[in-house]
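Please walk me through this structure in the viewer, one selection at a time. Tell me what to pick and what is there.

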Amino acid sequence: MPADSWTAGDLVIQRIDETELPPQTGPWLLPDATPDLVSGEPSLRPGFADDRGTLRLTTHSFAITTGGLRVLVDTGIGNGKTRANPAWHDLDTPYLSRLAAAGHSPEDIDLVVLTHLHTDHVGWNTRPDGADWIPTFPNARYVTSRAEWDHWAAADMDEPRKAMFRDSVHPIRDAGLLDLADVPPQGVEVAPGVRLLPTPGHTPGHVAVSLGDGAALITGDCVHHPVQLRRPDITSCVDIDPRQAVETRRRLLASLAGTGTLLLGSHFPAPTGGLVERDGETFRLVPAAG
Ligand SMILES: [Zn+2]
């Protein structure tokens, strides 16, 4: 199956699938998105929810080709990693084969953008090499925000999170491949047509990724699921500052409504992308299949 893709001018965006998350993920992650509430939003079916009001969520990367550069946004959970969450533990997915089928070998990737440093966004940063973890994309610069790095560097992390940093983040730093971007309120361009926008709340240094002068925007985890367009006040159990996450989401969605910018969700299953329209006090996603 070819990867779903979207194009705008010379910009090509492909979704590189990793895995579907199990049905219990929605009630855990977004506890206020109850089955009753979800069932009352027919626009979410069939792609984003099932008939019983269970949310569908996936992990994937976006591979972007623009101006001769190959960029990957977020790197999923990764294969073979020891994780506390059974749905993330010791995965064995054909992610790299799918990336290859989309036309990209790991050596081709020039830039890896990490929206934030959570376990399900940094996994394919590295792959196993004997007892070691080595960068999967050896010729890439990896970039995340300095605020994100500083937050975790100062945090009192539990052992599973420390282990995640050891196997998925520190090896790219130790290989000299990690760049930290200062992200001012108006955002910062890290490559031609690739702009990081500060979207704090889920994590303090979280960034969304604007592509091609506003042609598209990748959410990271400032929007986990399209139900949060209908109800931007629905927070995730892993938001570090839920109140700020709601403010960020409302502001971001308001800035996109009616603009024609393609919104691409980092955990939205197919059709994954759409245009944001205002609907009274909230929003809706008009899907734009890849
Ligand atoms: Zn996530």
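**Stop one: helix H6**

Select helix H6 and its surroundings: the buried residues of H6 pack against helix H4 (119–122), strand E6 (126–129), strand E7 (132–135), E8 and E9. This is a predicted model, so colour by confidence if you like; the protein chain averages a pLDDT of 97, and 99% of the residues score at least 70.

Now show side chains in H6. The buried ones belong to Met164, Asp167, Ser168, Val169, Pro171 and Ile172. Look along the helix, residues 159–174, and find arginine 166, where a kink of about 40° is centred. Past the end of H6, pick glycine 176, which has a positive phi, near 75°.

**Stop two: the sheet**

Select the strands E1, E2, E3, E4, E5, E8 and E9. In that order these seven make up an open sheet with mixed pairing. Its edges are strand E1 (5–8) and strand E9 (178–181), each of which pairs on one side only. From one strand to the next, the twist averages 25°.

With confidence colours on, compare two of these strands: in the protein chain, the lowest confidence is in E1, at a mean of 94, and the highest is in E5, at 99.

Zoom to strand E5 (residues 111–113) and strand E8 (residues 141–145), which pair in the parallel sense over three bridges. Which residue of E8 stands opposite leucine 111? It is arginine 141.

H5 lies across E8 and E9 and runs at about 75° to E8.

Methods
Residues are numbered from 1 along each chain as its sequence is written. This is a predicted model: local features need pLDDT of at least 70, side-chain atom pairs count only at pLDDT 80 or more; totals for chains, interfaces and linings use all residues. Two strands pair if DSSP finds at least two bridges between them. Helices (H or I, at least four residues) and strands (E, at least two) are DSSP runs, numbered from the N terminus. Axes are lines fitted to C-alpha atoms, for helices over the stretch in contact, and angles run from 0 to 180 degrees between N-to-C directions. Two residues are in contact if their C-beta atoms, placed from the backbone, lie within 7 Å. pLDDT is the predictor's confidence in each residue, from 0 to 100. The bend at a residue is the angle between axes fitted to the seven residues ending there and the seven starting there. A residue is buried if 20 or more other C-beta atoms lie within 10 Å of its own, exposed if 12 or fewer, and partly exposed in between; C-beta atoms are placed from the backbone.
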